[in-house]
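Thanks for coming. I will go through one model, starting with a term and then moving through the sheet, a helix and a pocket.

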Amino acid sequence: VKFEGGKLSSSIGGLIHLRFLSLYKAGVSHLPSTMRNLKLLLYLNLNVAIHEPVHVPNVLKEMLELRNLFLPWLMRDKTKLDLGDLVNLGELWFFSTQHSSVTDLLRMTKLRSLSVSLSGRCTFETLSSSLRKLRNLESLYLDFRYKTYTVDYVGELDLDFIHLKELGLAVRMSKIPDQHQFRPHLEHISLFDCRMEEDPMPILEKLLHLKSVLLGSDAFVGRKMLCSKGGFPQLCALEIPQESELEEWIVEEGS
């Protein structure tokens, strides 16, 4: 639904027994502080899908029962959210180091799914150390597009999560990390805005359990791609963007 003036009514705070609240694509630009009363929420989706920043009061820290949290894609610049007490979270999407402290992740040891946007003053090394205790992660998406530097040392990030099955990377890098930097049982990988000049297939095809590969917008800007014999033994899906600059794709027999 569309809310008048883009504001969610403050009366939402009266629904104190609410367990599930989704504002997905609702176009809300302002959330009321009365949401602090929704202390029993298990699921909260604030991915409102609008093109203007959302006002989010710092009340999520009081929703200690939350298991699933989807933050807005865009929040107002001065937004600060304390999330460190949400230790029951199993799923956290669109976490931004611009609006929350990356150290909040240290206590979220139950997380299975996480997407992080690295921005502001947070360094690559700080993020890596904060992720190290999240040993239950099954899905991890890292978005570094809003940092000014090119990350050619993404391999230094500790991706050795024993349960990790799904990995997404939106980060500038001239080539993909060596296959030994990835979990051998990785099943799904998505790459965006990497602008890799070297063909990633010789590395990816050695990840023997991969079932899907998505080369998103500007992931690979090279002209030639080779899938060699014996590679990708379990691959079911390969997605290449329509605007790809690819001119030659060689698929050897048995790939």
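When I say that residues touch or pack, I mean contact, that is, heavy atoms within 4.5 Å. This is a predicted model, so local features need pLDDT of at least 70 and side-chain atom pairs count only at pLDDT 80 or more, while totals for chains, interfaces and linings use all residues. Residues are numbered from 1 along each chain as its sequence is written, and side-chain values use heavy atoms, with hydrogens and water left out.

Now the sheet. Helices (H or I, at least four residues) and strands (E, at least two) are DSSP runs, numbered from the N terminus. Two strands pair if DSSP finds at least two bridges between them. With that, there is an open sheet of 10 strands, paired in parallel, in the order 1-2-3-4-5-6-7-8-9-11. Its edges are strand 1 (20-22) and strand 11 (237-239), each pairing on one side only.

Is Ser96 buried or exposed? Buried means under 20% relative accessible area, exposed over 50%, and partly exposed in between, with a 1.4 Å probe and protein chains only. At 10% relative accessibility, Ser96 counts as buried. Leaving out residues up to four places away in sequence, Ser96 touches Ser117 and Ser119.

Next, helix 1. Over residues 124-131, its buried residues are Phe124, Leu127, Ser128, Ser130 and Leu131. Seen down the helix axis, these fall within an arc of 165°, so they line one face of helix 1; the arc is that of the directions from the axis to the C-beta atoms. They pack against strand 5 (113-117) and strand 6 (139-143).

Then the pocket. On a 1 Å grid over the protein atoms alone, a pocket is an open set of points with protein on both sides within 12 Å along at least five of seven lines, and lining residues have an atom within 4 Å of a point. The largest pocket is lined by 24 residues, with Trp73, Phe94, Ser117, Asp143 and Arg145 nearest its centre. Strand 4, strand 5, strand 6 and strand 7 (166-170) each give two or more residues to that lining. The largest share, 4 residues, comes from strand 4.

Last, strand 10 (residues 224-227) and strand 12 (residues 248-251) run parallel, joined by 4 bridges. Leu226 has Ile250 of strand 12 as its bridge partner.

Definitions and conventions: 1 Å grid on protein atoms, 1.4 Å probe; cavity = no way out; pocket = protein on both sides within 12 Å on 5 of 7 lines; lining within 4 Å.
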